[in-house]
Protein chains: 2
Amino acid sequence: MVSNTQVIFAKVPTTFPVAGEHMVVKKSEIDLDAEIPQGAILTKTLDLSVDPYMRGRMRDASVESYSPAFPLNQTMSGYVVAQVIKSNNSKFTVGDIVYGLGGYAEYVVTPEPYTALLTVRNDIKDSGLPVSNYLGVLGMPGMTAYVGLIKFGKPVKGETLYVSAASGAVGQLVGQIGARLGLRVVGSAGSDEKVDYLKELGFDAAFNYKTVDIQQALGEHCPNGIDIYFENVGGKMLQAVIDHANKFARIVCCGMISQYNTQNPEPIYNMMKVVSKSLEIRGFIVSDSPEMNEAFRRDVTEWLKTGEIKYREDIVEGIENTPEALIDVLRGKNFGKKVVHVADL
Amino acid sequence: MVSNTQVIFAKVPTTFPVAGEHMVVKKSEIDLDAEIPQGAILTKTLDLSVDPYMRGRMRDASVESYSPAFPLNQTMSGYVVAQVIKSNNSKFTVGDIVYGLGGYAEYVVTPEPYTALLTVRNDIKDSGLPVSNYLGVLGMPGMTAYVGLIKFGKPVKGETLYVSAASGAVGQLVGQIGARLGLRVVGSAGSDEKVDYLKELGFDAAFNYKTVDIQQALGEHCPNGIDIYFENVGGKMLQAVIDHANKFARIVCCGMISQYNTQNPEPIYNMMKVVSKSLEIRGFIVSDSPEMNEAFRRDVTEWLKTGEIKYREDIVEGIENTPEALIDVLRGKNFGKKVVHVADL
């Protein structure tokens, strides 16, 4: 028997979740030599991801949404990189590295049909890139940046791209891809240190949305207006962008983090401008664009290897710190992509 | 000298315009035998159109928007069908019928470069269809319906289309095209009489938004949710539709009439659902889709001639009634496309 720490969803939060109340760390034991069911695999978690969308899963199961609610009193789940240590499934071999949606525990038995949510990705072993990269720049957040900007942003050289939450898991890649495509890239973040980082990344302009007037900052840093807005925030920020949007601007929405932890969503008063400026506002979920997977992996892997893009991670050691790590992300306290390191490869 | 009644923009309104205050009818005289400038034409107005978008032009000229502000104390302008009675321009011949943006007066001298806003359309003389049709079902509103539904609505047989202001100039055509494409078509309007008319037109369901709970009505009449919303209204209606929208729904916005005559726009509280349902909200101005002009004219002319579609008009006699006619449209008092008949062909 070995110790097995798990992260349990314990209670539905109404505003910000609290560690120890809504998410609880539980220690139990697991017998790694025990039989596993036909079709199942036993994996050892290497790294796990904490992402804003997970807040949406922390809801009452009766509320429908695009991703399923976390069942109460069960292990939470999300994107992981793990290694197969036992397999009763012909698609998986002991030693394989898997990527996908898995349980947040040190050791996880995944039965069928949930094994379909994990993909063998032995390229992760051989790439020379850190495992954590595959949960960020090369994982779901990176793909969100790539799909959102290219497919829904429809960028044209010379246009102005504005990115909110720009030093986060998605935003930092959006900005760097935008720069590669010849856009004027403007970003905002929640601290001066993050703003400095955006400038290091090659953003043409960046500002701290907590210390400036957003309307004024957008006017100043986007003198030709905004053609593409990569929306991670919602609320007042969205309203300000609509005011500064050019005709035919695309507002690409992969999240609205300002609205996740409140029961009183912020209203938008200027939707009339959608008509007067012929705006396009498009929400998307990255998993609906699998056709871009191959191009995404190829391009971003190459850009990382050549050093053309950088990607900052904010790595937390130990699965027991997962609840705080997720809460930090929801409060914007992360600096770069937050990843929980559980075990070495 | 003959009498020449004009409609003058006299004052910028803050809420609903008032006839005699913001729009004033002025009688003057014109010498039809007088010389006109090189490049100019003199036209006799046959029919003129009053449309909701005109409210947006009744603003202070310092405010930018998609259509230019009406200059104060000058003749208002909009879509007209007129006949050329004198021409000093090689593109126009006496007797030609022209369609386009022209002055709201019985007789109008249009100098260059404004003649470019008028197109010779002698087909109007020969089609056997009423002249007024060319300001409605075959004019800008009809084209708005056609472009909005086909290009931006991206309809797929079997989907549910919801149309607000459905008995209006645009809505009645949207619904009938939707039915032809095999959509379930649901409409709302502001009186029981209008609702009865929608059912006559072949709408699968229709309701009076003034006498029912909109949320409940949408739930009842769109049991499979809404896939396409043709937005003419804005405000609470838009919010209710977002609540009832299916994943990947398209919200096509050509106007938001509920928001035109207020200084306190109604807020939208549920924009988060743009992300969770992957919604697409798209504003458009019909003049940006000239590539669809030919198909629009061909299809709608044929459907009208074969009787496959109907189109109700609400015709007012006499140019002096133009201010009230426009105000009626802004207040939803029209029943069908409002047109002002000025003179016979």
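**Cavities and the A–B interface**

The second largest cavity is lined by Thr43(B), Thr45(B), Val80(B), Ala82(B), Gly102(B), Gly103(B), Val108(B), Thr110(B) and Leu118(B), where a cavity is a set of points on a 1 Å grid over the protein atoms alone at which a 1.4 Å probe fits but cannot get out, and lining residues have an atom within 4 Å of a point. The model is predicted, with local features needing pLDDT of at least 70 and side-chain atom pairs pLDDT 80 or more, whereas totals for chains, interfaces and linings use all residues. Residues are numbered from 1 along each chain as its sequence is written, chains are lettered from A in the order in which they are written, and side-chain values use heavy atoms, without hydrogens and water.

This second cavity has a volume of about 40 Å³, taken as the space filled by probe spheres set on the points. The largest cavity, of about 60 Å³, has residues of both chains in its lining, including Leu238(A), Met256(A), Tyr269(B) and Met272(B).

Turning to the interface, 30 residues of chain A are in contact (heavy atoms within 4.5 Å) with 30 residues of chain B. The area buried between the chains, that is, the accessible area (1.4 Å probe) lost on being put together, summed over both, is about 2500 Å², of which carbon and sulfur atoms give 66%. Four salt bridges (a side-chain nitrogen of Lys or Arg within 4 Å of a carboxyl oxygen of Asp or Glu) are found across the interface of chain A and chain B; in a salt bridge there, the side chain of Lys247(B) meets that of Asp288(A) at 2.6 Å, N to O.

Notes:
On a 1 Å grid over the protein atoms alone, a cavity is a set of points where a 1.4 Å probe fits but cannot get out, and a pocket is an open set with protein on both sides within 12 Å along at least five of seven lines; lining residues have an atom within 4 Å of a point. Buried area is the accessible area (1.4 Å probe) that two parts lose on being put together, summed over both.
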